[in-house]
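Hi everyone, thanks for making time this morning. I'd like to walk you through a structure that may be new to you, so please have a look at it on the screen while I talk.

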Amino acid sequence: MFILHGSPISNYHNKVKLALLEKGIPFEERVIAFRDKTPEMLAASPMGKIPFATTEHGSLCESLVILEYLEAMHPTPALLPADPYAAAKVRELASVVGWHLEMAARQLYPSAFFGAPALSESNSARIRREVEQKIAGFQRLAKFAPFVAGDTFTMADCAAFADLPVVGLATKAIYGEDLLVAAGVDYKPYVKMIGERPAAQKVVADRKAAQVR
Ligand SMILES: N[C@@H](CCC(=O)N[C@@H](CS)C(=O)NCC(=O)O)C(=O)O
């Protein structure tokens, strides 16, 4: 049985969970205290990050890598187009969202969500410039037609559905405005549309339940 280790409050975890649910792959979800880097955790996830997976072949970390593994092992329903270039464009967008955009915004999370002291003015301004630059890059690629990479639900939607709301919330908390909306990225109707899918509903319900615990 595929085991997904992590936390339902993690956007990276939820990106993989959404793909598992969309594909109808049986899996066990193991919630772990991920700040506690046990030797067992580090053996499976060398950078000490969640999510990581236990597969029939061994352990695996990095959300995008896990998505690729799932796609190779369970090709249908497909989360990548058959055409190699179209598939590469989906991967490109999923990387831009999960690496560039989310990682820039992530610098805000300690102050925005976890009670860390406010950022210094210079750090806050530097991160804002960085996030705005990543948003502009994302905007050049994102289609919202109606899915983020075009007319089909793909792994880029797993990333965008998990990451865009967090980027929006974090920037609103720190800068008083949602920098995605301020840049003209109309992502809220998109998130609502994806949120109507049964798999996404399960991800959101589990996240809400974990947040009130
Ligand atoms: N590139 C990684 C990023 C994963 C990541 O940053 N996960 C966060 C939780 S959302 C984490 O494990 N943070 C704990 C830490 O860095 O110690 C992926 O795509 O899986």
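This is a predicted model: local features need pLDDT of at least 70, side-chain atom pairs count only at pLDDT 80 or more; totals for chains, interfaces and linings use all residues.

Let's begin where α1 meets α7: the two helices make a right-handed crossing. Helix α7 covers residues 155-175, and α1 packs against α7 at an angle of about 145°, with 8 Å between the axes. From α1, the residues in this contact are Asn 11, Asn 14, Lys 15, Leu 18 and Ala 19. Facing them from α7 are Met 155, Cys 158, Ala 159, Phe 161, Ala 162, Asp 163 and Val 166. If you sort the contact of α1 with α7 by class, you get 8 nonpolar, 2 polar and 2 charged residues.

Now let's step back to the domains. Which parts of the chain form domain 1 and domain 2? The domain assignment puts residues 2-73 in domain 1 and residues 84-212 in domain 2. Their C-alpha centres are 20 Å apart. Where the two domains touch, 14 residues come from domain 1 and 19 residues from domain 2. On the domain 1 side, α1 and α3 each provide at least two residues. Helix α1 gives the most to that side, with 8 residues. By class, the side of domain 1 that touches domain 2 holds 7 nonpolar, 4 polar and 3 charged residues.

Next, the ligand. Which residues surround it? Here is the list: Ser 10, Asn 11, Tyr 12, Phe 34, Gly 48, Lys 49, Ile 50, Pro 51, Glu 62, Ser 63, Leu 64 and Gly 98. The elements giving two or more residues to this shell are α1, residues 11-23, and α3, residues 63-73. The shell divides into 5 nonpolar, 5 polar and 2 charged residues.

Some members of that shell have backbone features worth a look. As a reminder, most residues other than glycine have a negative phi, and most peptide bonds are trans. Among the residues around the ligand are Ile 50 and Pro 51, and the peptide bond joining Ile 50 and Pro 51 is cis, with omega about 5°. Pro 51 sits in the loop between α2, residues 39-44, and β3, residues 52-55. Glu 62 also surrounds the ligand. Glu 62 is not a glycine, yet its phi is positive, at about 80°. You will find Glu 62 in the loop between β4, residues 58-61, and α3. Another cis peptide bond runs from Ala 145 to Pro 146, with omega near -5°. Pro 146 lies in the loop between α6 and α7.

Let me finish with α4 and its helix partners. How do α4 and α6 run relative to each other, parallel or antiparallel? Helix α4, residues 84-106, packs against helix α6, residues 121-141, at an angle of about 165°, and their axes are 9 Å apart. An angle over 145 degrees counts as roughly antiparallel, and α4 and α6 are therefore roughly antiparallel to each other. Their crossing is left-handed. On the α4 side, the contact includes Leu 93, Val 96, Val 97 and Leu 101, and on the α6 side it includes Ile 127, Val 131, Ile 135 and Phe 138. By class, this contact has 11 nonpolar, 2 polar and 3 charged residues.

The other partner is α7. The axes of α4 and α7 come within 9 Å and cross at roughly 20°, and that makes α4 roughly parallel to α7. Helix α4 passes α7 in a left-handed crossing. Among the contact residues are Val 90, Ala 94 and Gly 98 of α4, and Met 155, Ala 159 and Asp 163 of α7. The contact of α4 with α7 divides into 12 nonpolar, 2 polar and 2 charged residues.

Definitions and conventions:
Residues are numbered from 1 along each chain as its sequence is written. A residue is near a molecule or strand if its C-beta atom, placed from the backbone, lies within 6 Å of it. Helices (H or I, at least four residues) and strands (E, at least two) are DSSP runs, numbered from the N terminus. Ala, Val, Leu, Ile, Met, Phe, Trp, Tyr, Cys and Pro count as nonpolar, Asp, Glu, Lys and Arg as charged, and the others, Gly among them, as polar. Domain bounds come from an automatic or database domain assignment. Two residues are in contact if their C-beta atoms, placed from the backbone, lie within 7 Å. Axes are lines fitted to C-alpha atoms, for helices over the stretch in contact, and angles run from 0 to 180 degrees between N-to-C directions. Angles under 35 degrees count as roughly parallel, over 145 as roughly antiparallel, 65 to 115 as roughly perpendicular and the rest as oblique. A crossing is left-handed if the near helix is turned anticlockwise from the far one by less than a right angle, and right-handed if clockwise.
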